[in-house]
Amino acid sequence: MGKEGFLSPKAIGNRIKAKGLQKLRWYCQMCQKQCRDENGFKCHCMSESHQRQLLLASEDPNKIMDNFSQEFKNDFIELIKRRFGTKRVQNNIVYNEYINDREHVHMNSTQWETLTEFTKWLGKEGFCKVDETPKGWYIQYIDRDPETIRRQEELERKKKQDLDDQERSAKFIEEQVRRGQGGREPEEAPVFTELKRESEEEKVTFNLAKGSCSSADGPSKASVALGPSALKAAGSVKRKDVPSTSEAKEKKKKSALDEIMEMEEQKKRSVRADHWLHPGIVIKVVTKRLGEKYHKKKGVVKEVLDKYTAVVKMIDSGDKLKLDQSHLETVIPAPGKRVLVLNGVYRDTEALLDSIDERKFSATLTLDSGRMKGRRVDGIAYEDFSKMA
């Protein structure tokens, strides 16, 4: 009878039995050996290799358990992060996927006796959000990756910027309304009430000012009855109403200043336009309709077909796209780089970027072309200039 080989029925049967998970009570974590039955586990415990491992573990048992606990915790959290991400999932589902790996660290060799105890520990240490329901314990991984935190902060900053833009627009409209009213407070509308008498016997009377209407034939009796003292009083009242020369000059000066300010404001409004595309500037694609390939990617405006459409050549891929200006935004370079003013009084003027004011979403530019070359201009909004290619 020949020797049993690799392809003998017994060897094949042993390999089939070795597949999958075996009973946990017949697994030795120290030796990392899985036994098939109780007799095999008994023989393993009596072996010399197992006795040597026990002697090594008896020297520092806490260190061995801490190593197993650390390995179990790292593998478990890595599985949650890779498989489920930040989704809320039941802890038993995660554990069943974890033990599918034959080389996993068993929980009976760690500092946690049950899965519930380990779940509570994850919540206490801040690795996951845990909550108990009638169906069991649920866990949700907390992603503290620096890149993820940076993306969240960028989204929050973008939302705050949008809110600030809305507040600035509302404040601008309110300022325009106030200027239109000439700086006066809005008058309150008169409140009309119903005409009521306290008693039926009381008469309703109306007081009309004397001399409000006069006959065409001649002066009224009231005007004739007025004496010289009354005329003097009327003259004094009229003199009080007439402002002095210095007050009149001051009012004239203020009105002239207001007129100049209004003229400047009208000039700025007439210079501003609702289109800003210009050949040779660098822009960024903000629409998601073109897919992730072009979203948040930069390009150069090669040609402006009309006021609101441009042919853009992407910098990364070299593709040419026909895009509307509503799908694009300006690019703010680093200080010291050349930019082009796209809107406002200094439209189509090249300039150098001096500094950026992140709180006001504006920048300070030094004009580098035109009649005002060398002039330093503050408060240029982000959307009114862009980097030059």
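**View 1. Pairing of E11 with E12 in a predicted model.** Strand E11 (residues 338-341) and strand E12 (residues 350-357) are joined by three bridges in the antiparallel sense. Strands (E, at least two residues) and helices (H or I, at least four residues) are DSSP runs numbered from the N terminus, and two strands pair if DSSP finds at least two bridges between them. Opposite arginine 338 stands leucine 352 of E12.

**View 2. The five-stranded open sheet.** The strand order is E14-E13-E12-E11-E15, with antiparallel pairing. Strand E14 (376-381) and strand E15 (385-387) lie at the edges; each has a single partner strand, so one side of each lacks a neighbour in the sheet.

**View 3. The three-stranded open sheet.** Here the order is E3-E5-E4, and the pairing is antiparallel. Its edge strands, E3 (88-90) and E4 (128-133), each pair on one side only. Three bridges connect E3 and strand E5 (residues 136-141) in the antiparallel sense, and arginine 88 stands opposite glutamine 140 in E5.

**View 4. Model confidence.** The chain has a mean pLDDT (the predictor's confidence in each residue, from 0 to 100) of 78, and 76% of its residues reach 70 or more. Over residues 212-242, pLDDT stays under 50. Residues are numbered from 1 along each chain as its sequence is written. In this predicted model, local features need pLDDT of at least 70 and side-chain atom pairs count only at pLDDT 80 or more, whereas totals for chains, interfaces and linings use all residues; side-chain values use heavy atoms, leaving out hydrogens and water.

Note on methods
Contact means heavy atoms within 4.5 Å.
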